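Take a look at the structure shown here. The paragraphs after it walk through the fold step by step.

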Amino acid sequence: MKIGLLGWDYSGIDPDGFSLVEHGRERGHEMTFATLDEVGYAPGRDGVEVMLKGERAASFDAFLNRSRVFGPDGQERVERMRMLSSLPGVPVFAPADAWQTASSKFLTAQRLAQAGLPTPPVRSVGSVDEVGAACAEWGTVIVKPSHGYAGTDVERIADFPAEKGLVAELLSRTPRLLCQPYYPTSGGEYRITVAGEATPINILKLPRPGSWRCKTLEGATFERLDAPDELVDLAVRATRALGLTLAGLDILPHAGGYQILEVNEVPGFLSILGRAQHRQVLDGVFDWVEERTEAAARAGT
């Protein structure tokens, strides 16, 4: 197959992108790495011919999408992704609609709830008073931007009168934040990595003493998890509900069940359990892409 991998950029922001290129070549595919900035247009039979690095995008069999859509040029990025996703007969994993949903915490919460999957309630807050009203209803809350990654500007508001300044500072950077009730993380948070139909990386993240954040970059520890079937099934169902091929889900045990906190469309730490698990992730992605691309070709769609 001729497969295009759409990555963030060439500077290493998405380091696993090149692993996918190398792994695809090992499996016998013709792989091309490109960014959305390298999508262009030319006159064509249907009015516009979509081009990628000087080649007709329609000449590819499939695209693996791990692009960045937010940022100052987000509108142009979304346009290019939608142009690629609209090509007949060339499946995109994941297409523009799915990618936009997954990159938005509000849209993700809506989609998960519509699918009947457990996820915390959310509200939008655009003022300090609105955060205060959320605290009055829910007690301790989490506030964060709808778009972003690496936990930037994600804060817990446990003492609203003392933390009004922090809320105002966050709102000065992001005028409309997502707010949801805080669920205790002292027992840890599950990270389930879904790759196609496989879940090769399952871990339990434990916050460092005195912290509520289950982030390994901030001192959280982790241990390998023998995930129960219902947790794996929940993670796979959530990934399918969002239309993703590869996702890292943060899921919290809560009230005899689970709450899906995050669905990361560009999951990191794919080598956290070693090279063997990393390769299983890559195999899971390509198994999924190959099966569905071949099925689409047979169906003539």
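Predicted model: local features only at pLDDT ≥ 70, side-chain atom pairs only at ≥ 80, totals over all residues.

Check both faces. Lys 2, Gly 4 and Leu 6 sit on one side, and Ile 3, Leu 5 and Gly 7 sit on the other. Both faces are covered.

Now find the partners of strand 1. Strand 2, residues 30-35, pairs with strand 1 in the parallel sense over six bridges. Within that pairing, Gly 4 has Thr 32 of strand 2 as its bridge partner. Strand 6, residues 62-65, also pairs with strand 1 in the parallel sense, here over four bridges. Leu 6 stands opposite Asn 65 of strand 6.

Met 51 has Arg 56 in strand 5 as its bridge partner.

Look at the loop between strand 4 and strand 5, where Lys 53 lies. Lys 53 is not a glycine, yet its phi is positive, at about 50°. Its relative accessibility is 41%, so Lys 53 counts as partly exposed.

Move on to strand 9, residues 141-144. Val 141 and Val 143 point one way, while Ile 142 and Lys 144 point the other way. All of them are buried. Strand 9 pairs with strand 10, residues 155-157, in the antiparallel sense over three bridges. There, Glu 155 of strand 10 is the bridge partner of Val 143. Strand 9 also pairs with strand 11, residues 177-181, in the antiparallel sense over four bridges. In strand 11, Pro 181 is the bridge partner of Val 141.

The loop between strand 9 and strand 10 holds Asp 153. Here is another positive phi in a residue other than glycine, near 65°. Asp 153 has a relative accessible area of 19%. The cut-off for buried is under 20%, so Asp 153 counts as buried.

Now turn to the interior. In soluble globular proteins, nonpolar side chains tend to be buried together. The largest nonpolar core in this model has 43 residues. Those with the most contacts inside it are Phe 63, Leu 84, Leu 249, Ile 251 and Ile 260. Several elements give two or more residues to this core, including helix 2 (74-85), strand 12 (189-195) and strand 15 (246-254). Which element gives the largest share? Helix 7 does, with seven residues. Apart from this core lies another, of 21 residues, among them Phe 33, Ala 62, Phe 93 and Leu 246.

Zoom in on Leu 84. Leaving out residues up to four places away in sequence, Leu 84 touches Leu 6, Leu 36, Val 39, Val 50, Ala 57, Phe 63 and Val 92.

A residue in a helix comes next. Gln 277 lies in helix 8, residues 275-299. At 15% relative accessibility, Gln 277 counts as buried. Beyond its neighbours within four places in sequence, Gln 277 is in contact with Pro 200, Ile 201, Arg 224 and Leu 270.

Finish with the empty space. Rolling a probe the size of a water molecule over the atoms shows where such space is left. How many cavities of 30 Å³ or more does a search of the whole structure find? It finds one. The largest cavity holds about 70 Å³ of space. Its lining includes Leu 64, Asn 65, Trp 99, Glu 265 and Val 285. By class, the lining has six nonpolar, two polar and two charged residues.

Phe 93 and Ala 94 also line the largest cavity. A cis peptide bond joins Phe 93 and Ala 94, with omega about 10°. Ala 94 lies in the loop between strand 7 (92-93) and helix 3.

There are pockets too. The second largest pocket has a volume of about 290 Å³. Among the residues lining it are Arg 45, Asp 46, Met 83 and Pro 88. Its lining has six nonpolar, one polar and four charged residues.

Note on methods. Residues numbered from 1 in each chain as written. Heavy atoms only, no water. 1 Å grid on protein atoms, 1.4 Å probe; cavity = no way out; pocket = protein on both sides within 12 Å on 5 of 7 lines; lining within 4 Å. Points joined across faces, edges and corners; volume = space filled by probe spheres on them. Nonpolar A, V, L, I, M, F, W, Y, C, P; charged D, E, K, R; others polar. Buried < 20%, exposed > 50% of the residue type's maximum accessible area, 1.4 Å probe, protein only. Pairing = 2+ DSSP bridges. Core = buried A, V, L, I, M, F, W, Y, C linked by side-chain atoms within 4.5 Å. Contact = heavy atoms within 4.5 Å.
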